[in-house]
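Work through the following exercises with the sequence and the coordinates at hand. Each task is followed by a worked solution.

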Amino acid sequence: MFKIMKKRWFKRTAERNTVGEEAIKQFKDVTGKAKIHILPQEQKADMVLNGLSDIDYQKEVIQRIIDITT
């Protein structure tokens, strides 16, 4: 998962003019925090949006859940 995340991360940071060591430092910080706070909760989650699926598909699924529960 982190390989895909890394590729997307550096693409987005380049778009925001954050490159080089600063982008690497930010990525390490974010992934480190994810390992501590987010990934352990995956087992308890009802649904995981991990960024590997298409954003439009995620929106559709979320909307269906909202429609069913309201």
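**Exercise 1.** Does T13 count as buried or exposed, and at what relative accessibility?

Solution. The model is predicted, so local features need pLDDT of at least 70 and side-chain atom pairs count only at pLDDT 80 or more, while totals for chains, interfaces and linings use all residues. Residues are numbered from 1 along each chain as its sequence is written, and side-chain values use heavy atoms, with hydrogens and water left out. Start with the scale: buried means under 20% relative accessible area, exposed over 50%, and partly exposed in between, with a 1.4 Å probe and protein chains only. T13 has a relative accessibility of 1%, so T13 counts as buried. Helices here are DSSP runs of H or I with at least four residues, strands are runs of E with at least two, and both are numbered from the N terminus. Last, list the contacts, meaning heavy atoms within 4.5 Å. With neighbours within four places in sequence left aside, T13 is in contact with T18, A23 and Q26.

**Exercise 2.** Locate R12 and find the C-alpha separation between R12 and A23.

Solution. R12 sits in helix α1, which covers residues 2-15. Its relative accessible area is 37%, which makes R12 partly exposed. R12 and A23 are 11 residues apart along the chain, and their C-alpha atoms are separated by 9.8 Å.

**Exercise 3.** Assign T31 and K25 to an element and classify each by accessibility.

Solution. T31 is part of helix α2, residues 21-38. K25 lies in helix α2 too. At 8% relative accessibility T31 is buried, whereas K25, with a relative accessible area of 57%, is exposed. Residues up to four places away in sequence are not counted, and T31 then touches F2 and M5. For K25, take the distance to I55: the two are 30 residues apart in sequence and 26 Å apart in space, C-alpha to C-alpha.

**Exercise 4.** How many salt bridges does the count come to?

Solution. The rule asks for a side-chain nitrogen of Lys or Arg within 4 Å of a carboxyl oxygen of Asp or Glu. By this rule the count is one salt bridge. The side chains that meet in it are those of E60 and R64, at 2.6 Å from N to O. Both residues lie in helix α3 (residues 55-69), four residues apart, or about one turn of the helix. E60 is partly exposed, with a relative accessible area of 39%.

**Exercise 5.** Describe the protein chain as a whole.

Solution. First, the elements: the chain has three helices and zero strands. From the N terminus on they run α-α-α. The radius of gyration is 15 Å, well over the 11 Å that the globule rule gives for 70 residues, so the chain is more spread out than a compact globule. That radius is taken over C-alpha atoms, and the globule rule is 2.2 Å times the number of residues to the power 0.38. The C-alpha trace spans about 45 × 25 × 20 Å along its principal axes.

Of the contacts between residues at least 6 apart in sequence, 35% join residues at least 24 apart.
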